Amino acid sequence: MNQQTGNMRVDGGRLWGSLMAMAEIGPGIAGGNNRQALTDADREGRLLFQRWCADAGLTVGVDAMGSMFARREGTEADALPILIGSHLDTQPTGGKYDGVLGVLAALEVVRTLNDLGLRTRRPVEVVNWTNEEGSRFPPAMIASGVYAGVHTLDWAYDRTDAAGLRFGDELERIGFKGEEPVGQRKGHAYFELHIEQGPILEEEGVDIGIVTHGQGLRWVEVTLTGKETHTGTTPMDRRLNASLGAARIIDRIETITRAHGEKAVGAVGQLVFAPNSRNILPGKVVFTADLRHPDLATLNSMADQVKQAAREVAADLGIGVAIEDVGAFDPTAFDEDLLADLRAGAERLGYSHRDMVSGAGHDACWVAKTMPSAMIFCPCVDGLSHNEAEEITPEWAGAGTDVLLQAVLQAAEVVE
């Protein structure tokens with residue numbers, strides 16, 4: 001990379017303006033966003049992104065999972081492109097930056113290439129992956145999972161939300177069921193910028209996180225079946241108490257997780273009672289254990305122990321139990337050469353950096369199965385994410401996008 005391109009940076013103000021404009025679509029109730037996958041708000045956000053891409057001279061294609069690919073041609077049309085992106089969908093009470101930063105930073109990289117009149121040998125494609133969050137249609141990262149061959153298209157189309165609506169039907173309803181076969185677009189490399197979703201970068205005063213690995217994940221759904229009876233009239237020794245079973249299993253999940261070391265994390269974030277009445281013991285309780293670790297053997301051990309704990313508790317209380325794996329991905333190691341390019345780019349620009357492991361899942365974890373991939377983190381205030389109070393600064397966003405630009409310039413090969 002020559003001295004001129006080695007110092008190039010993006011227009012941070014323009015990037016921030018794009019983030020704020022997208023945040024107006026699907027506003028939450030406390031300053032964040034509720035732009036869940038395949039809702040009307042998701043459609044509106046997609047249309048805005050599509051207009052911005054057209055304004056930047058990009059050609060937008062949509063695959064059968066609704067993922068959007070905005071292409072800037074290279075001087076060699078047959079060369080495999082550099083893919084950069086993330087997702088525009090949010091949690092029900094999500095922030096303005098999780099995922100969105102990665103998509104709009106990628107668009108800002110392309111705008112900067114246009115501003116500078118730079119041509120690249122390889123095409124560059126900005127990607128918006130469908131339903132990364134998995135909050136409406138579990139599991140998470142579903143479209144990139146189909147892209148990587150982890151899920152089938154028919155299986156994905158049959159996922160349903162809490163109201164029983166099918167993924168495939170809702171994708172068609174919002175007008176983003178594309179005709180391109182999923183996985184048809186191959187890539188030479190993939191980059192994804194994301195907020196850290198943790199407190200380390202901010203606490204240590206580090207500008208850039210170089211993500212070397214992604215933690216593996218297991219989602220273990222437990223369904224406990226008790227007997228619906230009056231809470232005030234049923235003797236304690238005559239109860240088939242599914243809620244007590246849930247409480248005991250959740251406590252065991254905490255114990256199991258802590259026993260697997262400081263890199264292990266596990267919790268229950270969703271628990272549903274039926275009939276969910278104050279004075280009726282629930283006939284059914286459903287909850288999901290979210291278990292994560294960067295080592296595959298350790299992760300599998302955690303999941304196995306949680307399943308065994310659920311069986312033991314259910315047997316002790318005389319209640320029914322059913323266990324289902326509803327989401328999973330193995331730990332990911334990102335490409336060493338791309339990581340080296342990210343470190344070099346940060347150093348050229350004078351940004352401090354450190355290596356990190358991602359505790360959350362990202363589309364890059366699936367895409368890495370199909371092409372060399374790497375991730376960048378920028379700090380977020382108090383490490384808060386999946387929360388409407390999620391916050392970053394324009395400087396953090398700009399620094400992360402500057403490093404992303406440097407990596408793309410290197411990988412896409414600027415034509416002198």
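Colleague: Where is Gly-261 found?

Modeller: This is a predicted model. In it, Gly-261 sits in the loop between helix 9 (242-258) and strand 8 (265-274).

Colleague: Why is Gly-261 called partly exposed?

Modeller: Its relative accessibility is 35%. Buried would require under 20% and exposed over 50%. The value for Gly-261 falls in between, so the residue counts as partly exposed.

Colleague: What separates the C-alpha atoms of Gly-261 and Thr-231?

Modeller: A distance of 39 Å, for two residues that are 30 residues apart along the chain.

Colleague: Why is His-293 called buried?

Modeller: His-293 has 7% relative accessibility. The limit for buried is under 20%, so His-293 counts as buried. The residue belongs to strand 9 (residues 284-293).

Colleague: Which residues does His-293 touch, leaving out those up to four places away in sequence?

Modeller: Among them are Gln-215, Gly-216, His-260, Lys-263 and Pro-331. Thr-298, Leu-299 and Met-302 are also touched by His-293.

Colleague: What makes the pair formed by the side chain of His-293 and the backbone nitrogen of Asp-295 a polar contact?

Modeller: The backbone nitrogen of Asp-295 and a polar atom of the His-293 side chain are 3.0 Å apart. The cut-off for such a pair of N or O atoms is 3.5 Å, so the distance qualifies.

Colleague: What makes strand 9 mostly covered?

Modeller: Seven of the 10 residues in strand 9 are buried.

Colleague: How do you know that strand 7 and strand 9 pair?

Modeller: Strand 7 (residues 216-225) is joined to strand 9 by 10 bridges, and the two run antiparallel. Pairing asks for at least two bridges, so strand 7 and strand 9 pair. One of the bridges has Val-222 with Phe-287 of strand 9 as its partner.

Colleague: How many bridges link strand 8 and strand 9?

Modeller: Nine, again with the strands antiparallel. Leu-271 has Phe-287 in strand 9 as its bridge partner.

Colleague: Is Asn-276 buried or exposed?

Modeller: Asn-276 has a relative accessible area of 60%.

Colleague: Which other peptide bond is cis?

Modeller: The bond from Pro-138 to Pro-139 is cis, with omega near 10°. Pro-139 lies in the loop between strand 4 (124-128) and helix 5 (142-147).

Colleague: Where does Gln-197 lie?

Modeller: In the loop between strand 5 (189-195) and helix 8 (200-204). Gln-197 has phi near 65°, a positive value in a residue other than glycine.

Colleague: How do you know that the buried residues of helix 2 line one face?

Modeller: The buried residues of helix 2 are Leu-15, Trp-16, Ser-18, Leu-19, Met-22 and Ala-23. Seen down the helix axis, they fall within an arc of 155°, so they line one face of helix 2. These residues pack against helix 3 (40-55), helix 4 (100-116) and helix 13.

Colleague: How does the reach of helix 2 compare with what is expected?

Modeller: Helix 2 (residues 12-23) has 12 residues and reaches 17 Å from its first C-alpha to its last, close to the expected 16 Å. At its start, a side-chain oxygen of Asp-11 comes to within 3.2 Å of the backbone nitrogen of Gly-13.

Colleague: Which residues touch the most other members of the largest nonpolar core?

Modeller: Leu-101 and Phe-191, in a core of 99 residues. Helix 13 (residues 394-412) supplies the largest share of this core, 11 residues. Apart from it lies another core of 23 residues, including Ile-253 and Ala-289.

Colleague: Which residues does Leu-101 touch, leaving out those up to four places away in sequence?

Modeller: Leu-101 touches Leu-15 and Leu-19, as well as Leu-193, Ile-195, Cys-378, Ile-392 and Ala-397.

Technical notes
Residues numbered from 1 in each chain as written. Predicted model: local features only at pLDDT ≥ 70, side-chain atom pairs only at ≥ 80, totals over all residues. Heavy atoms only, no water. Core = buried A, V, L, I, M, F, W, Y, C linked by side-chain atoms within 4.5 Å. Buried < 20%, exposed > 50% of the residue type's maximum accessible area, 1.4 Å probe, protein only. Helix = DSSP H or I, 4+ residues; strand = E, 2+ residues; numbered from the N terminus. Contact = heavy atoms within 4.5 Å. Polar contact = N/O pair within 3.5 Å; in protein donor to acceptor, adjacent residues only side chain to side chain. Expected span 1.5 Å × (residues − 1). Arc of directions from axis to C-beta.
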